[in-house]
Amino acid sequence: MAFLGSSPQPSTAAHGRHMLLQPQRSQRLKWLAFGCVAMLLLAFGLGGFALARLRSNVHTAEMNVGELVGNLASGPLDILVIGSDTRSGNNAAYGDESDAESGARSDVMMLLQVSEDRQMVNVVSFPRDLMVDIPKCTDAETGQVYAASEDTQINESLERGGPGCTVATISNITGVEIDHFMLVDFNAVKALSSVVGGVQVCVTEDIDDTYSGLKLKAGTSDVEGEQALAFLRSRHGFGDGSDTARIRAQQSFLSSLLRKVQSEGTLSNPTMLYRIAEAVTQNVTVDKGLTDLSTLISVGSIFSTVDLSKVVFATVPNEPYILDDNKLQLSTESEAFFTKLQKDESLVEPAVTDETAEEDVDSLNYDVSVSVSNGSGIDDRGSVLASDIADRGFKQITVNENAGEYSTSSIVYPYGFEAEAQAVADIFGITTLTPSDQYIGIEIVVGADLAEHDKIESQDAGIAAGATGQTADQVTCQQSFNY
């Protein structure tokens, strides 16, 4: 496979452009955290010449440009992965002229935490429209000082002095001392997904998203190159069309990627490692400390053997912003969530058992319609399971036996019917539930996990503080709609 040519350094120049929520402007790079770390594994099989060449590909930027609060927790290794949405240079095809002239924003922020004993990995996503306090930051190249700003959209931090300002912002929010950062652009996603031979994804409905360019048939399929990038950028095709729904799709993509490279031995193949490293390093900016060989070895060694059930992808606990429902703010649960990170603890928690009190069924609205789509690959499986739903008391049930095949079962439901959707989910042990304003009834997609069993085996773990997310060993299917 031919390697990509040299790419320009992702731009972090500030032009003061306000972050707009228009669809075309909001479809930004959705970078994969594990993909960035995978390139660190080059330390296993590369000689000095190869390592020097890869180091020469990497651009560097200053780490400490923002004011930090005191008493930040340290101990585990924390790397902030930032998705740059720069539209200049090789990325000019992903926007118009005004986009190309604008500064980059950090529309994807994932805090990768590797535990001190190297047995656990937490990957925490921060929605781009999360309202936070951004500290005072100083651009290391120009000397320009950006005053501290309260209640500001978090993705504006990259415009205020570069990635080091985003590092300071998230360090202050979480109370965790971040050790390194990686800033990557569009081309890294395309290159990495192609090098590994594509990543398997699953969606419940056909998607034709004209904004991101994503075109997928319902069911499972492999994506790479432009389609992998489109999958990670697409917002309009997933869940309720929000950024948090898009993040769930990204987490599913990352989990699938990690399962694939581990099962195929990619991380123990020196040739593949070099190709991954070459593809990624040409499109990444890091702090100077992350070019150190001992750091590469320290980080890289975990991913070839780590227990996938101990790799958790989670979205920081959030709620609608008090002044604007289209934006988000940290919820009260975030304090307990961040305490886990500060104490070097896994975000994986034991699942709640069935020994808890049963739902008060008298309070449920059994008049809500339920649609069952059979994607199990077994004839008439939808009708069989629909009878179990009817036995629970639901009266309006329709069945579609001709859905595409799905690996996992899932449920989408209209807002206001959370309890009813959970009641259906409890019948079959389904854990993927998504609210949406695109539906008027509950829709259940029956996947291969219910092909031979009437109930899915209980998951071993949940996410701390009630946060949304998944562990890397969980196979999920994204609720989607034809956009």
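Q: Is helix α7 (residues 226–233) mostly covered or mostly uncovered, and how many of its eight residues are buried?
A: Buried means under 20% relative accessible area, exposed over 50%, and partly exposed in between (1.4 Å probe, protein chains only). Helices (H or I, at least four residues) and strands (E, at least two) are DSSP runs, numbered from the N terminus. Here α7 is mostly covered, with six of its eight residues buried. This is a predicted model: local features need pLDDT of at least 70, side-chain atom pairs count only at pLDDT 80 or more, and totals for chains, interfaces and linings use all residues. Residues are numbered from 1 along each chain as its sequence is written, and side-chain values use heavy atoms, with hydrogens and water left out.

Q: Which residues of α7 are buried, and what covers them?
A: They are A228, L229, A230, F231, L232 and R233. Contact means heavy atoms within 4.5 Å. The cover includes helices α6 (186–195) and α8, along with strands β10 (199–203), β12 (214–216) and β13 (219–223).

Q: Which members of the largest nonpolar core touch the most other members?
A: A nonpolar core is a set of buried Ala, Val, Leu, Ile, Met, Phe, Trp, Tyr and Cys residues joined through side-chain atoms within 4.5 Å. In this core of 53 residues, the answer is F231, F238 and F253. Helix α8 (residues 243–263) gives the most to this core, seven residues. A second, separate core has 34 residues, including L130 and V132.

Q: Which residues of α12 meet α13?
A: L385, D388 and I389 of α12 meet V424, I427 and F428 of α13.
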